[in-house]
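This briefing goes through a protein model by topic. Please look over the sequence and the structure before reading on.

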Amino acid sequence: MEIIQIVSFALVASVLTIIVKEQKSSIAFFLILFTGIIIFLILIREIAEVFTLLEYIAQKANVNGMYVETILKIIGIAYVAEFGAQITRDAGLGSVASKIELAGKVFILVLAIPILTAVIETILGFLPA
């Protein structure tokens, strides 16, 4: 299972980070950064498979492709923002991490406007005139 490999890799990197941190904190940070990037790259393949499946299901259900694409972009923004915030927080920059999270939320809100508009228009279509 890949999760066992990921956890093992993360544990080894964590132990190395703890050992190196005592002498060179900058190298320890880069080790943490490298570990996070490697894990993220491994997970991208899995995430891509989920996105492909969701697109397939949406096509079968005759859902407008624009909505599915927007939702997938929103999910992607959430993952990337969370990853960036965690790495930044690991570097001891909590305030910058908060700004990354805020930026992610704003981009998600901007992308969600067409979907919210469609939902409101649909609801209004059900109401008697």
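A residue counts as exposed when its relative accessible area is over 50%, as buried when that area is under 20%, and as partly exposed in between. Lys105, at 59% relative accessibility, is therefore exposed. The model is a predicted one, with a mean pLDDT of 89 for the protein.

**Confidence**
- Of the residues of the protein, 99% reach a pLDDT of 70 or more.
- Helix 4, which covers residues 94-126, has the highest mean pLDDT among the elements, at 93.
- The lowest mean pLDDT among the elements is that of helix 2, at 87.
- Where pLDDT is low, predicted coordinates should not be read in detail.

**Annotated spans**
- An unreviewed UniProt entry lists residues 27-44 and residues 106-127 under "transmembrane region".
- In the model, residues 27-44 are 100% helix and 0% strand, and the C-alpha atoms at the two ends of the span are 26 Å apart.
- Residues 106-127 are 95% helix and 0% strand, with 31 Å between the end C-alpha atoms.

**Packing of helix 2 and helix 3**
- Two packed helices are described by the angle between their axes and the distance between the axes.
- For helix 2 and helix 3 the angle is about 170° and the axes are 11 Å apart.
- Angles over 145 degrees count as roughly antiparallel, so helix 2 is roughly antiparallel to helix 3.
- On the helix 2 side, the residues that make the contact include Phe29, Ile32, Leu33, Gly36, Ile37 and Phe40, and also Ile47, Phe51 and Leu54.
- On the helix 3 side, Val68, Leu72, Ile75, Gly76, Tyr79, Val80 and Phe83 are among them.

**Aromatic pairs**
- A pair of aromatic rings is described by the distance of the centres and the angle of the planes.
- Rings pair if their centres lie within 6.5 Å, and by this rule there are 2 aromatic pairs.
- The ring centres of Phe40 and Phe83 are 4.7 Å apart and the planes are at 20°, so this pair is stacked.
- Phe40 belongs to helix 2 (residues 25-60) and Phe83 to helix 3 (residues 65-90), so the pair ties together parts that are 43 residues apart in sequence.
- Phe40 has a relative accessible area of 23% and is partly exposed.

**Loop between helix 2 and helix 3**
- Asn62 sits in the loop between helix 2 and helix 3.
- The phi angle of Asn62 is near 55°, a positive value in a residue other than glycine.
- Asn62 is exposed, with a relative accessible area of 70%.

- Thr35 lies in helix 2 and is buried, at 9% relative accessibility.
- Apart from neighbours within four places in sequence, Thr35 is in contact with Phe9, Ala10 and Ala13.
- Thr70 is part of helix 3 and counts as buried at 10% relative accessibility.
- Leaving out residues up to four places away in sequence, Thr70 touches Leu111 and Ile115.

**Lys105**
- Lys105 is a residue of helix 4, and with 59% relative accessibility it counts as exposed.
- The C-alpha atoms of Lys105 and Ile74 are 9.3 Å apart in space, while the two residues are 31 residues apart in sequence.

Definitions and conventions. Residues numbered from 1 in each chain as written. Predicted model: local features only at pLDDT ≥ 70, side-chain atom pairs only at ≥ 80, totals over all residues. Heavy atoms only, no water. Phe/Tyr/Trp six-rings, centres within 6.5 Å; stacked < 30°, edge-to-face > 60°. Helix = DSSP H or I, 4+ residues; strand = E, 2+ residues; numbered from the N terminus. Buried < 20%, exposed > 50% of the residue type's maximum accessible area, 1.4 Å probe, protein only. pLDDT = per-residue confidence, 0-100. UniProt positions renumbered as here; feature names shortened; annotations may be inferred. Axes fitted to C-alpha atoms, helices over the stretch in contact; angles between N-to-C directions. Parallel < 35°, antiparallel > 145°, perpendicular 65-115°, else oblique. Contact = heavy atoms within 4.5 Å.
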